[in-house]
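The sequence and the structure are shown first.

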Amino acid sequence: MRGVRWRRIASQIGRSTAVWAVSTLTMGVLALLLPDFRLQSADGDSATRIALTAALGAGAFGVLSAVVWPLLVRLLLLVPALVLGLLVFFLNGSLLLVALRLNPSGRGAVAPETAVIVAAVMSAVASATGAALAVRDDEAYRRRLHRLAARRRRSDPPCPTTPGLVFLQLDGVGHDVLTAAVAKGVMPTVARWLAAGEDTRPPADGSRPARRPTHRLTPWQTDWSSQTGASQLGILHGSTYDVPAFRWYEKDREEVMVSNRPTSAAELQRRAIARTGDGGLLAEDGASRGNLFSGGAGEQALVLSIAARRRGRENRSRAGYFAYFSDPANAVRTALSFIAEVAREIGESTRARLRGQRPRVSRGGLYPLVRAFATVVERDVVVAAVMGDMLGGRTAVYADLVAYDEVAHHSGPHSRDAEKVLRRLDRSLALLARVAEHAPRPYRVVVLSDHGQSPGETFHARYGLTLTDLVRVGCGLHVPRRAVGVRPRVEPRGRTHSGTEARAAVRAALRRPVEEGEQHRPARRREPVVLASGNLGLVSFPDVRHRMTKEEIDARHPALLTTLANHPGIGFLLVASEEHDGVVLGPGGTEIPLADLDRSPGPLARFGPGAAEAVRRTHSFPHTADIMVNSAYEPADGEVLAFEEQIGSHGGLGGAQSRPFLLSPLELSAPAGEGERLTGAEQIHRVLRRWLGELSGTGVPLDAAAAGEDERAA
């Protein structure tokens with residue numbers, strides 16, 4: 001045992017020496033290449049003296065990076081997280097200036113702007129060298145993961161031996177997108193788990209058997225509101241009740257609720273807990289990372305529902321940034337990747353514009369920064385936090401990776417851009433699977449999505465007017481001149497914000513949780529409030545305190561419902577009715593009571609199985625809008641018309657947006673019984689909770705439960 005310990009120490013010393021030597025060489029080369037960086041006095045020095053100066057400078061820089069940098073990052077958590085990322089280069093350059101000042105030879109000198117470049121290159125080279133030397137050393141690899149990890153538990157009881165569960169949400173990745181990516185080789189890790197394309201039967205000649213699958217892939221169906229706010233609330237807290245859309249107007253509170261606004265997320269979480277009487281999926285030794293809601297977890301980082309609270313040790317929603325930025329090499333690498341992603345987005349959007357690609361939306365303004373935040377910063381920080389949870393032996397972890405959802409909204413769910421993001425997400429899955437091999441307890445990794453995305457051009461791009469314009473026409477109100485007879489080639493800037501999770505994360509990181517122009521209350525009480533959630537629109541009349549019926553709407557605005565229902569871009573409407581409780585309206589005067597939808601689905605027929613039940617359930621919510629508007633849907637190509645500036649959208653009914661996936665290990669019981677269909681996020685919550693019970697020894701597998709019910713029935 002003592003010999004192993006000494007060999008480990010010797011190995012660490014050897015690696016540190018090698019990193020120091022490479023850093024010294026790098027500093028020397030940079031001194032030769034950069035005019036404002038020198039390692040010798042003005043009169044000149046011998047090669048030996050220059051090498052000694054470089055060695056001392058590199059050593060001092062390494063020590064300062066290891067000791068001082070984590071303290072700086074900890075202090076800088078007091079500033080907005082996105083600002084911290086922009087300060088990475090400045091801080092690293094400052095450490096190099098201090099290192100040269102501390103150099104005993106006194107011969108090193110560098111201009112401040114050059115120090116930023118030198119420090120960035122040296123950090124990247126040192127990180128790459130250390131990783132390369134440790135690649136075959138499991139213990140070194142594990143220690144490196146510990147340095148990347150967030151919040152390891154130091155004083156907790158010994159880690160249990162029962163398996164833990166890690167739930168990784170690939171935001172917006174639909175079942176069909178995942179299967180297509182596996183078939184094309186875009187996601188080799190998922191393909192390996194599914195053993196896709198391989199014959200799992202033992203070979204007859206006795207040779208090595210083919211690899212067998214370790215996971216099963218199961219599709220599930222969302223509610224009408226196919227978006228993260230409803231799905232994740234249901235998955236983590238077991239209730240999607242009274243979440244009719246991504247954003248909606250509540251008449252009793254005279255306020256617009258937006259799922260990714262911190263105050264709204266906190267209120268939705270409070271309501272769900274009050275309704276279920278349960279703390280959440282992660283209440284027992286759980287961690288919530290990068291989510292809209294906490295799930296009742298004791299460990300939370302980058303969780304939106306706590307971002308609006310007063311800052312404190314128990315609710316630092318951005319504390320997860322420390323896990324990644326505390327390593328200067330990682331901070332530099334993330335900053336460089338951030339810049340590269342911004343350049344990549346500008347290049348891709350320029351190429352799409354030059355090619356005249358259709359459909360297409362505006363991707364200018366701050367969008368390149370938002371995309372880079374989602375695909376680089378948020379991914380790295382969340383993955384690092386999950387690493388820490390696994391290495392700390394936490395029982396349950398739920399993390400959301402929003403990169404694909406953000407890119408697919410603007411580039412399209414089947415675009416080359418989106419495929420590149422899926423490839424990088426697959427690498428993150430592979431990394432976490434490798435971390436599980438070094439964790440102090442076994443882990444089962446479950447991958448799932450909260451919704452899919454449906455392609456299609458925007459409502460405005462096709463018809464030259466927005467849903468708001470159409471509603472105002474039906475109400476006889478003034479319509480802007482631009483909405484008359486104009487069909488733009490691309491959605492103009494300044495339209496409804498896309499409302500994606502990445503934008504919410506950026507605003508929370510900047511401590512600006514409400515977007516400019518996003519109002520809590522309507523400006524004019526008598527004018528309708530028109531809100532969009534993907535291809536789902538909501539129309540409310542704020543001056544009427546109750547939900548208006550069809551009869552009341554017809555009396556007030558006789559042309560409105562007819563105008564909406566007969567428009568070719570509208571699939572169907574849902575309104576309350578004095579005579580039938582609720583009715584679905586379609587073109588040509590179609591009017592079907594909710595009670596008759598199973599017998600005569602009318603315009604809901606093309607939206608597939610489960611549409612009628614989803615509409616009836618939404619009708620029962622207290623805060624359902626006066627008029628619920630679902631866009632048209634074309635089953636042949638799966639396209640919908642988003643009421644927002646998105647060419648990949650979700651939020652309503654129609655196509656792949658309502659068909660997410662659940663990828664689970666075969667060691668866990670099947671998510672559903674034979675012939676049973678998984679419907680709604682609340683049912684997914686029950687499945688995940690059952691799996692937690694199975695692994696802890698308190699739950700009963702599905703097969704055993706079904707057998708017990710058969711025995712009782714007999």
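The model is a predicted one.

## The seven-stranded sheet

Seven strands form an open sheet in the order E4-E21-E10-E3-E9-E7-E8, and their pairing is mixed. With direction ignored, neighbouring strands are turned against each other by 15° on average.

E7 and strand E9 (residues 396–401) run parallel and are joined by 4 bridges, with Val 397 of E9 as the bridge partner of Ala 287. Strand E8 (residues 299–301) also pairs with E7 in the parallel sense, over 3 bridges; here the partner of Ala 287 is Glu 299. In a regular strand, side chains alternate between the two faces of the sheet. Along E7, Gly 286 and Ser 288 point one way, Ala 287 and Arg 289 point the other way, and all are buried.

Helix H12 (residues 367–391) lies across E3, E7, E9 and strand E10 (443–448), running at about 170° to E9.

## The pair H12 and H14

Two packed helices are described by the angle between their axes and the distance between the axes. For H12 and helix H14 (residues 416–436), the angle is about 15° and the axes are 10 Å apart. The two helices are therefore roughly parallel to each other, and their crossing is right-handed.

The residues of H12 in this contact include Arg 371, Thr 375, Arg 379, Val 383 and Met 387, while those of H14 include Asp 417, Val 421, Arg 424, Ser 428 and Leu 432. By class, the contact of H12 with H14 has 10 nonpolar, 2 polar and 4 charged residues.

## The six-stranded sheet

A further open sheet has 6 strands in the order E12-E13-E17-E14-E15-E16, with antiparallel pairing. Its edge strands, strand E12 (529–533) and strand E16 (591–593), each pair on one side only. From one strand to the next, the twist averages 20°.

Strand E13 (residues 536–540) pairs with strand E17 (residues 627–631) in the antiparallel sense over 4 bridges, and Leu 538 stands opposite Met 628 in E17. Helix H16 (residues 467–475) packs on this sheet, touching E12, E13, strand E14 (570–577) and E17, and its direction makes about 150° with that of E12. Helix H20 (residues 611–619) lies across E14, strand E15 (581–585) and E17 at about 40° to E14.

## The hairpin E5–E6

Strand E5 (residues 247–250) and strand E6 (residues 255–258) run antiparallel and are joined by 4 bridges, with Tyr 249 opposite Val 256 in E6. The two strands form a hairpin with 4 residues between them, and Glu 254 in the turn has a positive phi of about 50°. Arg 247 and Tyr 249 point one way from E5, whereas Trp 248 and Glu 250 point the other way, and all are buried.

How values were computed. Residues numbered from 1 in each chain as written. Predicted model: local features only at pLDDT ≥ 70, side-chain atom pairs only at ≥ 80, totals over all residues. Heavy atoms only, no water. Buried < 20%, exposed > 50% of the residue type's maximum accessible area, 1.4 Å probe, protein only. Pairing = 2+ DSSP bridges. Axes fitted to C-alpha atoms, helices over the stretch in contact; angles between N-to-C directions. Contact = heavy atoms within 4.5 Å. Parallel < 35°, antiparallel > 145°, perpendicular 65-115°, else oblique. Left-handed = near helix turned anticlockwise from the far one by under 90°. Nonpolar A, V, L, I, M, F, W, Y, C, P; charged D, E, K, R; others polar.
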